[in-house]
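Student: I have a new model open and would like to learn how to read it. Could you take me through some features one by one?

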Amino acid sequence: MVALAQGTGTQRIVNAMSFDVEDYFHVSVFDGVVSRSTWDAMESRVCRNTERLLDTFDEFKVQGTFFVLGWVAERYPHLVREIARRGHEVASHGYGHRLVYDQTPDAFRDDVRRAKATIEDAAGCAVTGYRAPSFSITLRSLWALDILIEEGHSYDASIFPIRHDRYGIPSAPRRPFSCQRAAGSLTEVPGSTVRLASVNLPVGGGGYFRILPYEWTRWGIARLNQAEQQAAVFYLHPWEIDPEQPRLPAGWLGRFRHYRHLAQTEGRLRRLLTDFDFGTIGALLSAQPHLTPTDRLIPLTLPCVW
Ligand SMILES: [Zn+2]
């Protein structure tokens, strides 16, 4: 079952709204362009952009899940407190925005442990959700799920069931599912897709929301809600509503992915908040506590039910 909201005579599915709270210079496309040692010297815009989003959500009476980068929480704890104070769910985006599959397990453990402690200190509440930088839990970094369990996380939102040059497990289930690992169990919350001609196509936000026409997202979420009775898990970043952000050098594909349609994104988000109902990922999972078994496995090393 998914959560339902009372509409005008009909019930609408409550989708999940989420943000990865990071600055424009943290984005993986700028790895190798912006040295980590210069992050503190860069103009930070994450607070003003996130506060703008918080005001928008207040206006629409919507609550969402904010996956905060530990680096941000350490420098701007008041921002994390404000996110929590306004009733949103605070979760972890890791500490240093390093791709999971580029880290050793020990380095990853240090990163998620430091992030969780820093964000919890700032928020004043427990953090149990995690999303990896650039969805970088893939078939070669599934060991990260065991570490997330051992470090006290109850759900992960890092596996995108699509083909992409940097991330994705195309065979992963398209709905939230439970992973049984050696370290215990973890609920996985995949990025949203629609399935056409045996191919999973992303409709869950980010560049797909910003670069493609709005109608693509609206059609995709409506299809999930109506044809599949499935809630969408939408994601965006504060820098995606900031057309004035400083321009950084990158390859043409990176520049296209990062800068395309920045000026239109806030208007599209407001349209989205009008067209659909949204809540937190935590609320979405609470509404479906019993995930039913399936015979669809990701790889044989990752038994799961959904
Ligand atoms: Zn990120």
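Student: Which residue stands opposite Phe-66 in strand 3?

Tutor: Phe-19 stands there. On strand 4, the bridge partner of Phe-66 is Val-90. Keep in mind that this model is predicted.

Student: How many bridges join strand 2 to strand 3, and do the two run parallel or antiparallel?

Tutor: 4 bridges join them, and they run parallel. Strand 3 and strand 4 are also parallel, joined by 4 bridges.

Student: Which way do the side chains of strand 3 point?

Tutor: Start with the general idea. In a regular strand, side chains alternate between the two faces of the sheet. Now the case here. Thr-65 and Phe-67 point one way from strand 3, residues 65-68. Phe-66 and Val-68 point the other way. All four are buried.

Student: What holds the zinc ion on the protein side?

Tutor: The protein donors are Glu-22 through OE, His-93 through NE2 and His-97 through NE2. They lie 1.9 to 2.1 Å from the zinc ion. Along the chain, the donors follow the spacing E-x70-H-x3-H. Glu-22 and His-93 link distant parts of the chain, 71 residues apart. Glu-22 is in the loop between strand 2 (11-21) and helix 1 (46-60). His-93 is in the loop between strand 4 (89-92) and helix 4 (105-123).

Student: Are Glu-22 and His-93 buried or exposed?

Tutor: Both are buried. His-97 counts as buried too, because its relative accessibility is 3%.

Student: Where is His-97, then?

Tutor: In the loop between strand 4 and helix 4.

Student: What should I look for in its phi angle?

Tutor: Most residues other than glycine have a negative phi. Phi of His-97 is near 55°, a positive value. Gln-229 also has a positive phi, near 50°.

Student: Where is Gln-229 found, and how exposed is it?

Tutor: Gln-229 is in the loop between helix 7 (214-227) and strand 11 (233-236). Its relative accessible area is 47%, so it counts as partly exposed.

Student: How many aromatic pairs does a search of the whole structure find?

Tutor: The search finds 21. One of them is Tyr-24 with Phe-25, an edge-to-face pair. Their ring centres are 5.1 Å apart, with 80° between the planes. Both residues are buried.

Student: Which residues do ring pairs link into a cluster?

Tutor: Phe-135, Phe-160, Tyr-167, Tyr-208 and Tyr-235.

Student: Which charged residues lie over rings?

Tutor: Take two cases. Arg-114 lies over the face of Tyr-95, at 3.8 Å from the ring centre. The charged end of Arg-140 sits over the ring of Tyr-101, 4.0 Å from its centre.

Student: Why does Thr-193 count as buried?

Tutor: The cut-off is under 20% relative accessible area. Thr-193 counts as buried because its relative accessibility is 1%. Thr-193 is in strand 9, residues 193-196. Its contacts beyond four places in sequence include Phe-160, Arg-174, Asn-200 and Leu-224.

Student: Which residues does Thr-56 touch, beyond four places in sequence?

Tutor: Glu-266, Arg-270 and Leu-273. Thr-56 itself is in helix 1. At 5% relative accessibility, Thr-56 counts as buried.

Student: And where is Ile-137?

Tutor: In the loop between strand 5 (129-130) and helix 5 (143-150). Ile-137 counts as buried, because its relative accessibility is 0%. Beyond four places in sequence, it touches several residues, among them Val-100, Leu-148, Asp-156 and Ile-169. Arg-223 is 86 residues from Ile-137 along the chain, and their C-alpha atoms are separated by 27 Å.

Student: What is the mean pLDDT of the protein?

Tutor: The mean is 91. Of the residues, 92% reach 70 or more.

Student: Where does pLDDT stay under 50?

Tutor: Over residues 293-297. For that stretch the model has 14 contacts beyond four places in sequence.

Methods. Residues numbered from 1 in each chain as written. Heavy atoms only, no water. Donors = N, O, S within 2.8 Å, 3.2 Å for Na, K, Ca; no water. Buried < 20%, exposed > 50% of the residue type's maximum accessible area, 1.4 Å probe, protein only. Phe/Tyr/Trp six-rings, centres within 6.5 Å; stacked < 30°, edge-to-face > 60°. Lys NZ or Arg CZ within 6 Å of the ring centre and 35° of its normal. Contact = heavy atoms within 4.5 Å. Pairing = 2+ DSSP bridges. pLDDT = per-residue confidence, 0-100.
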